[in-house]
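Have the coordinates open while you read.

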Amino acid sequence: MSRPRTEPMLALAALAVVAGAYAVDGSRHEAAGQDMQPANLYVSVVVDQLRPDVLEKYAPAFTGGLKRLLDGGYRFTQASHAHARTSTAPGHATLTTGVIPARHGVIANSWQQRRGFRWEPMYAVADPESPILGFENEASLEGRSPATMLRDGLPDWFVAANPDSRRVSISKKDRAAVPMGGQNTEHVYWILGELGQFITSTYYRRDYPRWLERFNRDVMPGIMAPHVWDTEVPPEYRGLARDDEAAYEGDGIHTVFPHVSAEENAPYIEDPSDERLVQMVHNLWGLEQPRADVAVIELAKVAIDELELGQRDDIDYLAVALSATDRVGHAYGPFSQEVLSTVVTVDRLLGELFDYLDEEVGEGRWTVGLTADHGVVTIPEYAREQGDRGAERHARDEVRSQLENVLRRAIQEGGGPDEIAERTARYVERLEVVEAAYTHRSLVSGGEPADSFAVLYRNSYYPGRAWDDLSRFGVDLRYGEGDYIGSRTGTNHETPYWYDRHVPMIFYGAGVEAGVSDDPVYTFDFAPTLAGLAGIAVPDDLDGRRIF
C-alpha cells in the first residue's frame, strides 16, 4: 500500500543512529551553552504526548511556564525519537539513559519476555522482588523497579559525580517515574490510582518519609475529591482548537465541557452504596485529567522544600513527568478543546513551579530541560475533515484476526523459524492495513537497510523481548501513516512516523541563553546535554551527545 505523504528528517535520523554517533556544529550553539557557573538544581520535565505543533498552535494562550520556556529558552525545533515503538516507558528510558531502546532494553510499555521456550507477559517496570512499600502482602499489587532497564541514567551520573547529590523523580505513572529515577534514586514516587496516593517500592526505600505521608493524608484527598472538570481556556483562545463536540472523541456521549464525574462514571458504578468503590472510580477518573499533574507539581514543591533541593552546596536533580496530556489526548485527540485546556493547565502549573524555584532555589541557580516521551496521531476522522483522505481507523480485533490467519497459513506451509518469519512478513504486506513488515533477522543482519524505517525498528529491537502482534514469530509491523488501530473513538501513538517521534526539546535557566536551532537532534541527547550543563561526566558509549 503506497502513500504519498512524506516523513520529515527520517533519513537523517536513521543515518545518525546507524553511525552510532553524529556531530553537531557546536559553534552554532555557543550562545546557548556558555561556560558559566553550574546551577544548583537540574530539572527534567517530560510532558507526555506533547507534539511540537500542538505546543506552537496553543502558544497564544500561554501566560506561565511554557511561555517562559518559549520566550527565554533554547529550543530545538527538529528533536525526535530514533526508535519505532514510541510509547511512555521507552521514551522516558531513552531520555534518561542517553541510549536507544535496543541498548537499554525498555522496548515498550509491555512486552512478551522469552524464558526458555516460553513467552511470558512483562510490564516495563515490573519487579516481583520489589513489592510496593506498605503493601508487601497485597498479591494484586505487583512490585516495581528499574530491573528491566539495563543502563544507568542521568540521576546516576549525578550521584557518581557527587555522592551527596539528592535525586527525586515524580509522576502519576510508574512507567515514567521509575525510568526517570535511573538505578539509584532514593525518592521515586508515583500514584496508586485506586487510593489516590503516592507510593514507592521497597527497591527504593524501607519507609515513607513523613512529609510524603502528610501530603497523602492532608493534600491528596482535596485533589482527588469528586469534581467538575471545566475548561481553563479564556474564551478568546478557544478557537485555537476544533469545536468541542465530536462523536469520535471520549466515550462518544460526554464530549463537551464541563465534564462531570458523577455523570461520566455512573455506568461503571454497579453499587452506588459501596462508598469505597465509588471513591475509587472517582479517583481513577480524576487521574485521567489535569488533576494528576496538579498532584505531581504540588508534591515536587514539597520535595524541593523538605529535601532542600538546590539549596545546599551540592548539585541536585529533580524529574517530573506530567501525564494528563497523554490520557486526555488518547480520549479526545491533540486538537480538541480538552487537550487545549490541559496544555494551558500545564503552562500554569509549570509557571507555578518555576516561580517556586526562583523563590526557594534562587533565580539563576536552576536549569530545566523540557521534552516529551512521544507524540500522537491526529484522530483519523478529524484528519479526514481537514482533507487527509489517507487516514483511516481500523478495529484492533479485526486486524488481529487477519494477522492470525496469515500466520496460521505461513506456519502450515512448513519450514524453519526464519523461513516462516520471512513468509509471514511477505503475506502480511498484502493486507491493506499493513504498510511494511520487518523480520528480526533482516533487522540484525548488518549493513544499511534499504528502508530507512527499518533502522527505527532495529533501534526498538531487543532479543527475547517481543512487542508487536507478530514479534514472537520474528516479525514487526508498520501500519499505514495516519492510521489508528484501536477502538471506535480516540487515538493512539506507538508508530515510527514523524507525528509520534517529533517532540519539543527546550533548555532554560542557568547556563542557557535564548535561541532556536533547526538542527536535527534526538531524545538520547537530552540526558548528556543536561549533564554537560551541570559539568558532570557521562558514560563514553552513549548514543547521545551534548548538543550545546
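## A threonine in a loop

Let's start with Thr 86, which sits in the loop joining strand E2 (74-80) to helix H4 (88-97). Keep in mind that we are looking at a predicted model. Is Thr 86 buried or exposed? With a relative accessibility of 0%, Thr 86 counts as buried. Its side chain gets to 2.7 Å from the backbone oxygen of Thr 495. Once neighbours within four places in sequence are set aside, the contacts of Thr 86 are His 81, His 374, His 493, Glu 494, Thr 495, Asp 500 and Arg 501.

How many of the residues of H4 are buried? The count is 10 of the 10, so H4 is largely enclosed by the rest of the structure. If you want to pick them out, they are Thr 88, Ala 89, Pro 90, Gly 91, His 92, Ala 93, Thr 94, Leu 95, Thr 96 and Thr 97. After H4 comes Gly 98, and its phi is positive, near 80 degrees.

Helix H12 (residues 324-332) is mostly covered, with 7 of its 9 residues buried. Those buried in H12 are Ala 324, Thr 325, Asp 326, Val 328, Gly 329, His 330 and Tyr 332. Gly 333 follows H12 and has a positive phi, near 85 degrees.

## A helix crossing

Now have a look at helix H3 (residues 65-72) and helix H13 (residues 337-362). Their axes come within 5 Å and cross at roughly 75 degrees. H3 and H13 are therefore roughly perpendicular to each other. On the H3 side, the residues that meet H13 are Gly 65, Leu 66, Lys 67, Arg 68 and Leu 69. H13 brings Val 343, Val 346, Asp 347, Leu 350, Gly 351, Phe 354, Asp 355 and Asp 358 to the contact.

## Around H17

Further along, His 440 has its place in helix H17 (residues 440-444). His 440 has a relative accessibility of 11%, so it counts as buried. Leaving out residues up to four places away in sequence, His 440 touches Tyr 461, Ser 471, Gly 474, Val 475 and Asp 476.

Pro 449 is in the loop between H17 and helix H18 (453-459). What is the relative accessible area of Pro 449? The value is 22%, which makes Pro 449 partly exposed.

| Residue | Relative accessibility | Class |
|---|---|---|
| Thr 86 | 0% | buried |
| His 440 | 11% | buried |
| Pro 449 | 22% | partly exposed |

## Zooming out

What about the whole chain? The protein has 20 helices and 18 strands. Its radius of gyration is 23 Å, close to the 24 Å that the globule rule gives for 548 residues, so the protein is as compact as a globular protein of that length. The C-alpha trace spans about 70 × 60 × 55 Å along its principal axes. Buried residues account for 60% of the 548. As for contacts with a separation of 6 or more, 75% of them join residues 24 or more positions apart.

Note on methods: Residues numbered from 1 in each chain as written. Heavy atoms only, no water. Axes fitted to C-alpha atoms, helices over the stretch in contact; angles between N-to-C directions. Helix = DSSP H or I, 4+ residues; strand = E, 2+ residues; numbered from the N terminus. Parallel < 35°, antiparallel > 145°, perpendicular 65-115°, else oblique. Contact = heavy atoms within 4.5 Å. Buried < 20%, exposed > 50% of the residue type's maximum accessible area, 1.4 Å probe, protein only. Polar contact = N/O pair within 3.5 Å; in protein donor to acceptor, adjacent residues only side chain to side chain. Rg over C-alpha atoms; globule rule 2.2 N^0.38 Å.
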